[in-house]
Amino acid sequence: MAQSVVVQVGQCGNQVGCRFWDLALREHAAVNKKGIYDEALSSFFRNIDTRSGGDGPDIYKGKICSLKARALLIDMEEGVVNEILQGPLRDVFDSKQLITDVSGSGNNWAVGHKVYGCQYRDDIVEKLRKNAEHCDCLQCFFIIHSMGGGTGSGLGTFVLNLLEDEFPEVYRFVTSVYPSGEDDVITSPYNSVLAMKELNEHADCVLPIENESLFDIVNKIHQMINSGKLGSTVKQNSLVTSSAGSAKSVQEKPFDAMNNIVANLLLNLTSSARFEGSLNMDLNEISMNLVPFPRLHYLVSSLTPLYTLADVNVPSRRLDQMFSDAFSRDHQLIQADPKHSLYLACALLVRGNVQVSDLRRNIERLKPSLHFVSWNQEGWKTGLCSVPPVGHSHSLLALANNTCVKPTFIELKDRFMKLYKKKAHLHHYLHVDGMEQSCFSEAMSSLSDLIEEYNELDATKGGPRTDPSRLKIAV
Amino acid sequence: MSIVTVQLGQCGNQIGREVFNTICSDARGAHGLCSKKENESYHDTCKERFFFEEESEVPVARAVLVDMEPKVIGQTLSMAARSGCWKYDGHSHFCQKQGSGNNWANGYSVHGPRHKEAIMNLVQKEAEKCDRLSGFFTIMSMAGGTGSGLGAFVTQCLRDAFPTSFILNHVIWPYGTGEVIVQNYNSVLTLSHLYQSSDALLVHENDVIHKICAQLMNIKQISFRDVNQVIAHQLGSVFQPTYAGEGGLLYSRNPLGDLMETLVPHPEFKMLGLRNIPQMPENSLAYSTFTWPGLIKHLRQMLIANAKMEEGIDWQVRPPRLGSSIPSGCSTNKPLHFNTSIANLVILRGKDVHSVDLGSFWDPSLYTSWLNPQDAFHAWKTPRAFNKYEKSASLVSNSQFLLKPLDNVVGKAWNMFASKAYIHQYTKYGIEEEDFLDSFTALEQVISSYTIL
């Protein structure tokens, strides 16, 4: 089985990452009753003998001794990482797999990318190599970061570049949190657009996330619970926002609920690679099926259900509702409406007690209301994993390569232009060694080109379908 | 003679296990409805064909399991062992850590050459365990990366290493509405390559089997396991021992050779479809009776009207009138939905099988003009009932059965190819646009050949 390494960069990256590891342990604990270190665990965790001080060889079989996350924690401030290392998860992280500094990046992409990138390059490469050495077969790097700040955005994309150079065969999945319109970081449009260029060029797949959407989902759940409409108690640990049952104590921080959603996204994404099922969907298959053209690798994700009621019996009506919800606007993790835009490809990863007939029935049902590009009318990739997430009997992750990401990018571009036209705050960037005005204009045109590619595809939507004529064979 | 089964990829391994299960439980079953001597002969022949008998242990399937990632093989091995009636050879499997990513090029150009030696060594070992080798039966899906790409490569290797053995590829046609987005590319590449090295392609369509599960078997929540069990039943009905020809005293020894001889007279025509009736839930069997004339009538009409299962057969379709002055090769007078055959094989199992009248299958109008029914139609029989069905009739047909599905797949793949979508994923591993064009050309040729029958 292949392994994956998580690289969490910056404050957001590390906070989300922390939730990911916590929930991953919870998920494996629920499945792995015997405490045996198995293939599923090894995809994200090493098993080491603590007596040899963590430097000894990994234990590949047998009982679980001490699990260590296959992770690299990077932050140019110490606060967040220190908190993680003093919290309940401190033993999960290898103390050598961190890179921290004290002063932070000042919300400046250039500082993160150019200054710290340069400074820590060798250190990062060495630690990545160490991580890779502990892997039997390294399949994928997951980068978690935000786009709007300095470290996650700048240093995060520097690491992305590095991964492509040093490990060209290994997939690079990036989970990027995009800033909202009311972001309190004024320079977030600069940081985001500069980072976008890197994502365009060096990532295999990007899962964009918007805080606004996460926030809306959290609110929706609170409303549902508090309004008493549900009529039945909700299973606490089934909430996509909850940390119940995990190592974290009850007192949750404000962003925890939102970060749990992203953590669940990553867990569901990798579930079929870790656990068995009747139709496996590995990570390399996601990239193969959902990326028809190299630059169009932005995947809109949605998770359902958001919670499960305590009733054990779930009639198939509920199951079908789960599929419908996955396509509704308010379940998407970015502010987008895929139903009214054009699908290039769509993947459905189902977990739990769902069979192929349920999948087919729902695809048939939903297909007519969705618009697929002319050359991919049946563009569905499906996966069935037998192991459901904690607290649920079944769940669905939908990944869409859909032109509905376009508005997000256009807005980003607009916000960028607003600042750039006035040259506001530009000097903070241009001061940095290696940064020039051309970096900005190149990043801008990279984003414009991307938007244009989506525009061209949108133009084909709803138009008359003329299939190309087939090859003629002389009889 | 023995058959070595090569199970490729997730689909191949999942189906393979069900096939061995079905064959083993049928052979051991007490539902034979025939004499003890007959039963023993059946049992022994079946054993020799598919299993290697070890001293005091359960029979070991003559199979090689191949997959690029370990989960499915692990499951397959343990489920077989748990059955208690048979198992796989613990060493006869090959897997890697990371799958082929649904990428045909990855399976064919990367994994194939890299692991050729290891895989062929396993095959050689299995072949050597056979007293006499009839040939190879490979099971794969067309939609994914390993079964399809690595499968095509392995088939080529088998042909090179065993030039005188028969190779029958069992190919699973994916659901029309996507299991894999690039399934049409993978299918086109697979079929065109298999056509070069294989002797025949026996096809099962997921959509068809799914319908059988829903409408005939009355299964509410259909799982892949259900689908695979129907497929295994249908395959078992072909591969279990039979007597070839009238008055045979011994069960036929060379199942694959016989199959090829009867069904593939011309290398341009290798696509075989399979129909098996009756098909119903096990608990309904006790309440149903069948007559041979009824079964034969249905089977024949299923052939003519290209019906996929016993329900919804179009009885309006009739064979064309022969004997008019129509030059051979001109098929314009045939009704459009009439299914013309090259060759047909009917396999009958069960009570009173010797009394069956198969005259309707000798009708020359069923067949293409360049073959006469004496050469084109064959029947195999055995009084020994199969898998709890008192009477069971199968039809393996080399006809226009698969013309429409083939045309569909090629059409969709071509449509996608015209936009160049996903091509970069294949060129990354060495499959270029020219390779695609070659494959398209080869398949258009096959389509054309079948169309003008």
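Across the interface of chain B and chain A there are 4 salt bridges; a salt bridge here is a side-chain nitrogen of Lys or Arg within 4 Å of a carboxyl oxygen of Asp or Glu. One salt bridge joins A:Arg470 to B:Glu444, with the closest N and O atoms 2.6 Å apart. This is a predicted model, in which local features need pLDDT of at least 70 and side-chain atom pairs count only at pLDDT 80 or more, while totals for chains, interfaces and linings use all residues. Residues are numbered from 1 along each chain as its sequence is written, chains are lettered from A and ligands numbered from 1 in the order in which they are written, and side-chain values use heavy atoms, leaving out hydrogens and water.

## Where the chains meet

Between chain B and chain A, 33 residue pairs are in polar contact, both residues being at pLDDT 80 or more. A polar contact is a pair of N or O atoms within 3.5 Å; within protein, one must be able to donate a hydrogen and the other to accept it, and residues adjacent in sequence count only if both atoms are side-chain atoms.

On the side of chain B that touches chain A, the elements giving two or more residues are α1 (9-28), α3 (70-83), α13 (403-418), α14 (423-427) and α15 (433-451) of chain B. Helices (H or I, at least four residues) and strands (E, at least two) are DSSP runs, numbered from the N terminus. With 8 residues, α13(B) gives the most to this side. The residues there divide into 20 nonpolar, 23 polar and 10 charged. In this grouping, Ala, Val, Leu, Ile, Met, Phe, Trp, Tyr, Cys and Pro count as nonpolar, Asp, Glu, Lys and Arg as charged, and the others, Gly among them, as polar.

The contact (heavy atoms within 4.5 Å) takes 53 residues from chain B and 56 residues from chain A. Together the two chains bury about 4400 Å², 53% of it on carbon and sulfur atoms. Buried area is the accessible area (1.4 Å probe) that two parts lose on being put together, summed over both.

## A sheet in chain B

Now let us look inside chain B. Its strands β2-β3-β5, in that order, form an open sheet of 3 strands with mixed pairing. Two strands pair if DSSP finds at least two bridges between them. The edge strands, β2 (51-52) and β5 (87-88) of chain B, each pair on one side only. Strand β3 (residues 60-61) of chain B pairs with β5(B) in the parallel sense over 2 bridges, and B:Ala61 has B:Tyr88 in β5(B) as its bridge partner.

## Buried and exposed places

Buried means under 20% relative accessible area, exposed over 50%, and partly exposed in between (1.4 Å probe, protein chains only). Helix α9 (residues 283-290) of chain A is largely enclosed by the rest of the structure, because 8 of its 8 residues are buried. By contrast, A:Thr50 counts as exposed at 51% relative accessibility. A:Thr50 is found in the loop between β2 (45-48) and β3 (66-69) of chain A.

## Backbone details in loops

| Cis peptide bond | Omega |
|---|---|
| A:Thr304 to A:Pro305 | near -15° |
| B:Ile277 to B:Pro278 | near -10° |

A:Pro305 sits in the loop between β9 (300-304) and α10 (316-326) of chain A, and B:Pro278 in the loop between β11 (271-277) and α10 (282-285) of chain B.

B:Asn102 is not a glycine, yet has a positive phi of about 60°. B:Asn102 counts as buried, at 6% relative accessibility.
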